[in-house]
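Colleague: I am new to this structure. Could you take me through some features and show me how to read each one?
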Amino acid sequence: MPAENLRWETLQALKNSPKGKITYDPHWSERGEDILSGCKDVLSLSSRSGVVLQRLGSSPLQTSRFLSCSPRGSCTGENSASSSSSSGSVCDLLARHSALSAAPSSGTEQAVGEGAKDEGPEEDVPSSLPSISLLSPKAMETAGRIIKFEEERREKAKTALKLRQEVHEKLVAVVASSESEQLKRFEEFMELKQRQEFQSMRDMMDRETKESIGRQEKLKEEQRHRMKIINLRLREAEQQRLREAELERQRQADGRERLRNLNTIQEEILQLNQLLEPSTRGGTDLSTYCTRGNQLCSQLSEVVRKTAEGEFPSVDDMTGAERALHEMRALIRLMQEDVAKAQEKKKRDEEEEEQRRKQEELQAQQEAQKKAAESAKEKAKRKGLQNSAEDGTLRWFKELQESAARCALSFEQLNAAKDAQTKKLKLELQKASSIPVSQISSNSGSQLREIFDKIDKLLSGRSVVSGGRNISTSQHPQGLDFVSFKLAEKFVKQGEEEVASHHEAAFPIAVVASGVWELHPRVGELLLAHLHKKCPYSVPHYPPMKDGTPLEEYQRILGYRVDDSGVEGQDSFLKRMSGMIRLYAAVIQLRWPYGSKQAAAPHGLNHGWRWLAQMLNMEPLADITATLLFDFLEVCGNALMKQYQTQFWKLLVLLKEEYFPRIEAVTSSGQMGSVIRLKQFLQTSLQSRQIRPPKGQLTSMFWGS
């Protein structure tokens, strides 16, 4: 049949269609295409398939009783009603296939065109697909086979595609696994690299840390080295400062020593110049010597004037002063030679005159012998004692009082100052001299030494601290005399008050006073002058009442305190006298332990022996004599016993057997207390031939405290 003959052509046309040319592209996923894109395309027939279908249906369609079509594609009217239902389905099916093959390939179109030319050049190829009508069951079968073939083809494509998808998924899984392993290896590699970088960075930081520590250690070492150098320089500077300070102290000490020597030289020159004051002496003219002496005093005064301005004398000044002293001594020697010559001449004249008077003197001598014999007889009959001190003792007493008066007069300008600054200086000097004496106690030897050093500095012109400020006697020309006078007065006042109340206090006060006396004799003389004035029995001296002297004034001379309320009581008077005589008894037996051992004591035990002997040569007074003898012997008896031994015991026997009855004779019954104490002391001492050391005496252990 013609239709069967065209079957292979149909199959060939289907093979050459776009569906038949589907190929598998393994790179479809890389281009982002869908794997079923080729299968989802609309099926279509080529232009050649239209010719085939036309040929298949041309003869049956012409003879079919169910359907007739004109060559131009128009159906007859008579067949249209009967075949509308069946032809509609076939035509729809063919229309669907023709729509699916709307875009045929160019190659297929060319092949179909060439085939059409070969088959019938006279026939015209229609421009559009013919409408197919179901003319026969074969056509239907052919269409069904075509559809079935397409479905089978589609199922095979799906199966192949599914297999390909499974293979692709497996391949993707393998690739993903491989990539995952590679990623792990890469991560491990990166982690290793990171660890290596971290380790290298840590090593670098460790190296930098070590280098930094090394630099720090080096800097510390340099700093220590610099500190050592700085400390060394500081020590050298401190040593230099100490050396300079020591040199300055040495210079100050040398300057003060030169100043003291200068003052000594000035004093000696002035004393020597006083010997040249008379214009004539013994008939000799001394005006030239006086003129030269005044010139030397003027030269020395210029040097001393510099020291008054706060400067120390230089070595050249001291050389000039010593030269002036030697020249003054030479002047004195020349003057003494001239005076000696004049005296020899005068002596010869006197001898001649003496020879003329010999006969007159013989007569006067005979008369004097007669008068002396008569006075001796009268004294032997009287058998009495002296009522006053010896002439030498009285002269010594008067000289001390005159010296104290001159000293008081020398600082009259400072004492009567009106300006505030001088008054303040006077007050500070008085405090600096009195406060240390008030602080004397028997607490420790080191405290006494500090007080003594402070007093010594003040008297030496050095600066001391008083009232929170530095004070010195060199701040005023009359400062040294003022301080010496007030210091001596304070020592006596301490004996009058402190020792009178506490007998043991006499020893620490006395030892400091003795040390000051040894270094500064001027203070010792003023101390004796104040003591003799307040307690004349320490001379010993019983001042007589002169004519015209008021009673209150005479009592004041005897040592009584007289004020507006009247004269003090006898008990108070005896207590004060006892304190001062105890202080005097302690001074004469004590010496400053840190002073010079070679020099003699300034006021030693020989003065105590003199005082005791002169007291026994004077008529006793009621109450006062027994009190003073007991206090003196209780304090100084042990020292006198060790010093004079047998002679002292003889003196005590004389006191007990001959002098004590005189004391009892002048003492009334109401004043026997001091007499009884003296009697018991004498009896105990003579019986035991021993006098106990006084209470409160300073021992060697005290000076070590």
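Modeller: Start with a proline. Pro693 sits in the loop between α22 (672-688) and α23. Keep in mind that this is a predicted model.

Colleague: Is Pro693 buried or exposed?

Modeller: Pro693 is exposed, with a relative accessible area of 51%. The cut-off for exposed is over 50%.

Colleague: Which residue has its C-alpha atom 8.1 Å from that of Pro693?

Modeller: That residue is Ala639. Along the chain, Pro693 and Ala639 are 54 residues apart. A second example involves Gly524 and Pro602: 78 residues apart along the chain, with C-alpha atoms separated by 8.1 Å.

Colleague: Where is Gly524, and is it buried or exposed?

Modeller: Gly524 belongs to helix α16. Its relative accessibility is 1%, so Gly524 counts as buried.

Colleague: Now backbone angles. What should I expect?

Modeller: Most residues other than glycine have a negative phi, and most peptide bonds are trans. Now look at the cases here. Asp623 is not a glycine, yet its phi is positive, at about 75 degrees. Gln645 also has a positive phi, near 50 degrees, and is a residue other than glycine.

Colleague: Where do Asp623 and Gln645 lie?

Modeller: Asp623 is in the loop between α19 and α20 (624-644). Gln645 is in the loop between α20 and α21. Asp623 counts as buried, at 9% relative accessibility.

Colleague: Which residues are joined by a cis peptide bond?

Modeller: Val539 and Pro540 are, with omega at about 0 degrees. Pro540 lies in the loop between α16 and α17.

Colleague: On to aromatic rings. How do I describe a pair?

Modeller: A pair of aromatic rings is described by the distance of the centres and the angle of the planes. This structure holds 14 aromatic pairs. One of them is Tyr537 with Phe573, at 6.4 Å centre to centre and 75 degrees between the planes. The pair is edge-to-face, since planes over 60 degrees apart count as such.

Colleague: Why does the pair of Tyr537 and Phe573 tie parts of the chain together?

Modeller: Tyr537 lies in the loop between α16 (521-534) and α17 (551-558), and Phe573 in helix α18 (residues 570-587), so the pair ties together parts 36 residues apart in sequence. Both Tyr537 and Phe573 are buried.

Colleague: What are the distance and angle for Tyr594 and Trp703?

Modeller: Their ring centres are 6.0 Å apart, and the planes are at 90 degrees. That pair is edge-to-face. It links distant parts of the chain: Tyr594 is in the loop between α18 and α19 (605-616), and Trp703 is in helix α23 (residues 700-703), 109 residues apart.

Colleague: Are Tyr594 and Trp703 buried, partly exposed or exposed?

Modeller: Tyr594 is partly exposed, at 37% relative accessibility. Trp703 is buried, at 18% relative accessible area. Ring pairs also link both into a cluster with Phe452, Trp592 and Phe702.

Colleague: Which residues lie over the faces of Tyr594 and Phe630?

Modeller: Arg449 lies over the face of Tyr594, at 4.0 Å from the ring centre. Arg677 lies over the face of Phe630, at 6.0 Å from the ring centre.

Colleague: How does spacing along a helix relate to direction?

Modeller: An α-helix has 3.6 residues a turn, so residues three or four places apart point the same way. In α7, the buried residues include Leu262, Ile265, Ile269 and Leu272. Ala143, Glu150 and Leu161 are also among them.

Colleague: At what angle do α19 and α21 pack?

Modeller: They pack at about 25 degrees, with axes 11 Å apart; α21 is the helix of residues 646-666. That angle makes α19 roughly parallel to α21. The crossing of α19 past α21 is left-handed.

Definitions and conventions: Residues are numbered from 1 along each chain as its sequence is written. This is a predicted model: local features need pLDDT of at least 70, side-chain atom pairs count only at pLDDT 80 or more; totals for chains, interfaces and linings use all residues. Side-chain values use heavy atoms; hydrogens and water are left out. Rings of Phe, Tyr and Trp (its six-membered ring) pair if their centres lie within 6.5 Å; planes under 30 degrees apart count as stacked, over 60 as edge-to-face and the rest as tilted. Helices (H or I, at least four residues) and strands (E, at least two) are DSSP runs, numbered from the N terminus. Buried means under 20% relative accessible area, exposed over 50%, partly exposed in between (1.4 Å probe, protein chains only). A charge sits over a ring if NZ of Lys or CZ of Arg is within 6 Å of the ring centre and within 35 degrees of the ring normal. Axes are lines fitted to C-alpha atoms, for helices over the stretch in contact, and angles run from 0 to 180 degrees between N-to-C directions. Angles under 35 degrees count as roughly parallel, over 145 as roughly antiparallel, 65 to 115 as roughly perpendicular and the rest as oblique. A crossing is left-handed if the near helix is turned anticlockwise from the far one by less than a right angle, and right-handed if clockwise.
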